[in-house]
Amino acid sequence: MKRAILSAACLFAGASLVSAAEVAPLDVKFDDYGAVEQSLTGVAGDPANGRKVMGTKSLGNCVSCHAISEMAEDVPFHGEVGPVLDGVADRWNEAELRGIVANSKKTFEGTVMPAYYQTTGYNRPGDAYTGKAAKSDPMPPLLSAQQIEDVVAYLMTLKEE
Amino acid sequence: MKLKSLTSALAVLALSAGAVAAAEDSELIINGDIEIVTRTKAPAHMENIDEIRSGWTFRSEETQALQMDDFDNPGMIFVDQARETWDQVDGSEGKSCASCHGTPEEGMAGVRAVYPKWNEAAGELRTLEMQINDCRENRMGAEKWGWNAGPMVNMTALISVQSRGMPVNVAIDGPVQEIWEKGKEIYYTRFGQLDLSCANCHEQNYDNLIRADHLSQGQINGFPAYRLKNAKLNSIHNRFKGCVRDTRAETFKEGSPEFIALELYVASRGNGLSVEGPSVRN
């Protein structure tokens, strides 16, 4: 309930107005290995929503590069550009996964995986997929802080051991 | 002759390589006659790829088949339209393309294979579109065509057909070297909020699926390309624009110096593949 109110507030306020507990994209603290200890929102992630974000084209669209066996039935066309994410929570802990989703370049130097919680420092940033210039710099991140927490919560369920 | 022995050598190679997907093994011979080199050794200037492959080798068997016979290739309708335009007088000088060049077969054989090409008199690198518009403006006294306008794209297809089967062979040295270097730099620059370069997708990840798309090497030997997706012929710069847009970037414009340089560089990555246009892609 509290959660629903918060995300509704975010929707209406837009990306510029950040709720008190939220860590802004430029303030995220990565450790030397790219991990992010602190939750970006202080609100526990919702794995069901994280799953949706990962499988939806207009949101994270993570499946364009990663296959996830558990999603195969309801989400078609998983990509092969990145590793299969089955059992990913056996390989990385929560802080590491948060770091990978927020900005994977801090973990994997030069990776093709986009940074989902970064707002500046791009070449010719565009306004989404219009081909036109971005309307602002910094620009809104690809995913909101809570969407990232939700994705991390979902990734944490991908255990094989 | 040279082409023939090359293709059959490749076919033997492919056979001995064993279990590759059927669609990737097949050979492209258009109308049972024009042999197309769809895989060959990368040109010396390419650093990270050994074998270059036409986009045709990445398509499904059904899509591939559409390019094997001109009666099945929907792009050929537009070639026929351009054939009519070729003979039409337009502009203040009372001339058509035919007035200067004769038939397309006589005048245009081998042209597609060497473009973009340096024009000494003008002191500029010209794409096919630029050369066509130069003829229209300065020789015919006619209006320029837009880069993506139907008559323009169709005309590039008619011209391409006259070189089908010939190896792409654009020059990258001498007066164009600097532009080529600039094109190369653009190819390796990451753009947009997704922070991706051409190389990230078409060099590091060709043959991988990105969502439902089977990534090719992003070659342009098959352009203009008839896309099943939009049911028309598409120009090279239009394709570049789409790919840059898909990185959530502000694109460059068709005909911009950036895309002209990029076209030269990407064309040179296909030196040795056959001219294929109009190709069929999804």
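**Figure 1. B:Gly32 in a loop of chain B.** B:Gly32 lies in the loop between strand 1 (28-30) and strand 2 (34-36) of chain B; helices (H or I, at least four residues) and strands (E, at least two) are DSSP runs, numbered from the N terminus. The model shown is predicted: local features need pLDDT of at least 70, side-chain atom pairs count only at pLDDT 80 or more, and totals for chains, interfaces and linings use all residues. Residues are numbered from 1 along each chain as its sequence is written, chains are lettered from A and ligands numbered from 1 in the order in which they are written, and side-chain values use heavy atoms, with hydrogens and water left out. B:Gly32 has a relative accessible area of 69% and is therefore exposed (buried means under 20% relative accessible area, exposed over 50%, partly exposed in between, with a 1.4 Å probe and protein chains only). From B:Gly32 to B:Met68 the C-alpha to C-alpha distance is 7.7 Å, although the two are 36 residues apart in sequence.

**Figure 2. B:Leu125 and its contacts.** B:Leu125 belongs to strand 6 (residues 124-126) of chain B. Its relative accessible area is 5%, so B:Leu125 is buried. Leaving aside neighbours within four places in sequence, the residues in contact with B:Leu125 are B:Pro116, B:Lys117, B:Trp118, B:Met130, B:Val176, B:Ile179, B:Ile260 and B:Leu264, where contact means heavy atoms within 4.5 Å. B:Leu125 and B:Gln177 are 52 residues apart in sequence, and their C-alpha atoms are 10 Å apart in space.

**Figure 3. Helix 11 and helix 12 of chain B.** The axes of these two helices come within 10 Å and cross at roughly 100°; axes are lines fitted to C-alpha atoms, for helices over the stretch in contact, and angles run from 0 to 180 degrees between N-to-C directions. Helix 11 of chain B is therefore roughly perpendicular to helix 12 of chain B (angles under 35 degrees count as roughly parallel, over 145 as roughly antiparallel, 65 to 115 as roughly perpendicular and the rest as oblique). On helix 11 of chain B, B:Ile236, B:His237, B:Phe240, B:Lys241 and B:Val244 meet B:Phe259, B:Ile260, B:Leu262, B:Glu263 and B:Val266 of helix 12 of chain B. By class, this contact has 7 nonpolar, 1 polar and 2 charged residues; Ala, Val, Leu, Ile, Met, Phe, Trp, Tyr, Cys and Pro count as nonpolar, Asp, Glu, Lys and Arg as charged, and the others, Gly among them, as polar. The buried residues of helix 11 of chain B include B:Phe240 and B:Gly242, and what covers the buried residues of this helix includes strand 10 (232-234) and helix 12 of chain B.

**Figure 4. An aromatic pair in chain B.** The ring centres of B:Phe191 and B:Phe252 are 5.6 Å apart and the planes stand at 85°, so the pair is edge-to-face. Rings of Phe, Tyr and Trp (its six-membered ring) pair if their centres lie within 6.5 Å; planes under 30 degrees apart count as stacked, over 60 as edge-to-face and the rest as tilted. The pair links distant parts of the chain, 61 residues apart: B:Phe191 is in the loop between helix 9 (177-187) and helix 10 (198-202) of chain B, and B:Phe252 is in the loop between helix 11 (236-245) and helix 12 (257-269) of chain B. Both B:Phe191 and B:Phe252 are buried.

**Figure 5. Charged ends over rings.** In chain B, the charged end of B:Arg53 sits over the ring of B:Phe58, 3.9 Å from its centre. In chain A, the ring of A:Phe30 has the charged end of A:Lys106 over it, 5.1 Å from the ring centre. A charge sits over a ring if NZ of Lys or CZ of Arg is within 6 Å of the ring centre and within 35 degrees of the ring normal.

**Figure 6. Backbone features in loops.** A cis peptide bond runs from A:Asp137 to A:Pro138, with omega near -5°, and A:Pro138 is placed in the loop between helix 4 (94-103) and helix 5 of chain A. B:Gly277 and B:Pro278 are also joined by a cis peptide bond, with omega about 0°. B:Asp195, in the loop between helix 9 and helix 10 of chain B, has a phi near 55°, a positive value in a residue other than glycine. B:Asp195 counts as buried, at 16% relative accessibility.
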